[in-house]
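Subject: Structure handover

Hello,

Here is the structure I said I would pass on. Notes on what was found in it follow below.

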Amino acid sequence: MSGELWRPEDTVTVYGGRGTSAVETASVRRAAALLAGAADDLRAAALCCLGVSRDLAVVPGGAAGPVALTPATLTSAILAAPALAPLTLALDDAARDAARHLTDRADLCDLLGWRLLRAAGLYEEAESTAERLVGVLVTAGTFGTGAAFGVLGWAGLAGIGVAGGAEVGVRLAGRGFAGGLPSALAGRLGSGLTRGLSPYSDEAVTGLGGGVALARPDLARDRPGVEGAAGVLAHVARETPLLGNDDAGVRLTRLAPGDFAHGVVPAWSTSGAGSVQEALARVDDLYPGTGGAPAATIAVQRIVGDDGGVSWTVLVPGTQSALPAGHPWDGRTDLELVAGQADSATAAIEGALADSGVGPDEPVTLVGHSLGGIAATALVSRAGFTERYRVGGLVTAGAPTGLLTTPPGVPVLHLETPEELVSNTDGRSAAENPRTRDRVTVVRSLRDSAAAGDRAASGSLPQAHSVATHVRTLDLALASGDPRVAGAADRIGARLTGPEVSTMYYRAERTRP
């Protein structure tokens with residue numbers, strides 16, 4: 001944990017969006033260069049003013065030609081043309097005064113440029129030399145590990161679920177140590193591991209990905225880095241006989257209240273979300289352990305607005321099995337999504353939209369957590385999907401989406417925390433996510449928060465990655481008054497509520513040939 005704790009709202013950093021953007025040292029240096037150019041232009045203008053003054057200081061000398069102005073010649077000129085004397089002196093004073101002011105402004109630009117360069121240097125040095133060295137060592141070490149695994153051909157077994165299913169494995173491990181000293185010891189070890197890995201998780205994944213992709217270029221399809229490595233791991237997951245993943249597609253089943261654990265659908269089924277926070281919070285009810293929904297359940301909500309217009313909200317939960325399972329919400333799908341390969345989760349979402357009767361001109365907002373966030377972003381980034389459906393907005397929480405490109409005009413809001421580790425499994429930190437006017441990434445450091453609950457969550461991957469933690473991140477970001485967050489949330493939230501609401505629930509299953 002860092003030495004200084006901050007108010008929870010001060011631990012939020014925003015990247016991208018409209019208006020004020022986050023500090024980037026390259027941009028700061030470009031601004032300093034522009035100021036240096038402005039200073040040169042101002043000094044050139046000052047020289048022009050002094051030139052005017054010199055021109056005024058030349059008087060006719062008759063047949064002998066022009067004569068430089070001296071006190072004697074100036075007096076002679078004034079006596080010869082007394083009517084011009086006040087105007088000449090005034091113009092000379094104005095020219096000299098303008099030159100002085102321009103020179104002062106040039107000096108100010110130089111000072112501001114120096115300060116900007118100094119600020120850029122401070123930002124670049126904010127990460128200590130030791131921390132940078134550790135990052136390099138982590139990348140190099142994991143690269144070697146990834147290459148070794150790739151040569152052995154069993155990297156998939158070590159990497160199943162690395163993208164979105166990490167929290168599943170941690171939960172299972174925690175249950176295995178339940179009770180007594182082993183539980184306490186496991187908690188301390190897990191807490192230290194989570195906090196220790198969080199600053200370097202993107203470097204670790206980058207190194208592993210580069211090693212695996214380099215070792216198996218045939219399976220990586222010559223795609224370097226994390227994308228290629230995910231393709232290698234997905235191939236191993238599909239082809240390993242013990243995992244039994246010879247599926248032929250996906251089957252959707254529309255659910256009835258009796259399919260839920262308590263015999264009832266969530267209470268919000270007939271009401272609009274009203275806000276992005278509420279829509280995201282509802283995703284938690286689609287997990288079997290929290291809301292009693294069957295595994296791999298997604299919700300499609302139809303909303304009729306005050307004006308009679310129809311819009312849709314799709315809620316997509318995250319990974320529910322680290323190992324390949326009988327449904328697409330597993331580690332294998334995570335890998336396929338990161339690799340940019342065909343997957344059954346996006347097929348299930350598209351199938352649910354088609355079955356629900358979504359019209360081509362009716363806006364669709366997708367809200368996803370973990371795997372659900374990757375799948376939703378993958379869909380929005382596909383030209384074919386945006387040709388069939390009008391995308392009204394995208395919200396993701398705890399999802400590695402940095403490798404995907406979303407179309408302009410679609411408001412996008414990503415929520416991440418470094419301590420969850422999952423968001424960085426694409427090898428990119430939140431600061432490296434694509435930044436556009438429509439795409440906003442909000443990241444919050446839990447371990448630097450003065451709030452005891454945040455610090456506790458920083459040492460627990462399940463808590464750091466939970467839907468509730470990301471909802472709190474958005475609450476704090478909105479409370480900070482950042483116009484980029486408010487703008488994205490307002491654009492998305494406007495389509496989430498209305499007087500007439502109905503919800504359909506679907507369970508996705510893999511089908512066998």
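Is Arg-332 buried or exposed? Arg-332 is buried, with a relative accessible area of 6%; buried means under 20% relative accessible area, exposed over 50%, and partly exposed in between, using a 1.4 Å probe and protein chains only.

Before the rest, some ground rules. This is a predicted model, in which local features need pLDDT of at least 70 and side-chain atom pairs count only at pLDDT 80 or more, while totals for chains, interfaces and linings use all residues. Residues are numbered from 1 along each chain as its sequence is written, and side-chain values use heavy atoms, with hydrogens and water left out.

Overall picture

The protein chain has 20 helices and eleven strands. These are DSSP runs numbered from the N terminus: helices are H or I with at least four residues, strands are E with at least two. Of the 513 residues in the chain, 46% are buried.

Salt bridges

There are 19 salt bridges in the structure, a salt bridge being a side-chain nitrogen of Lys or Arg within 4 Å of a carboxyl oxygen of Asp or Glu. Arg-332 pairs in this way with Glu-336, and their closest N and O atoms are 2.9 Å apart. The two are separated by about one helical turn because they sit four residues apart in helix H13 (residues 331-339). Glu-336 is buried as well, at 2% relative accessible area.

Asp-343 and Arg-382 also form a salt bridge, at 3.4 Å from N to O. This pair links distant parts of the chain, 39 residues apart: Asp-343 is in the loop between H13 and helix H14 (344-356), and Arg-382 in the loop between helix H15 (371-380) and helix H16 (383-388). Asp-343 is buried at 8% relative accessibility, whereas Arg-382 is partly exposed at 31%.

A further salt bridge joins Asp-454 and Arg-444, with the closest N and O atoms 3.0 Å apart. Asp-454 belongs to helix H17 (residues 452-458) and Arg-444 to strand S10 (residues 439-444), so the pair ties together parts ten residues apart in sequence. Both Asp-454 and Arg-444 are buried.

Strand S11

Glu-509 lies in strand S11 (residues 500-511) and is partly exposed, at 25% relative accessibility. Its C-alpha is 6.6 Å from that of Leu-252, although 257 residues separate Glu-509 and Leu-252 in sequence. Beyond neighbours within four places in sequence, Glu-509 has contacts (heavy atoms within 4.5 Å) with residues including Gly-249, Arg-251 and His-327.

Regards
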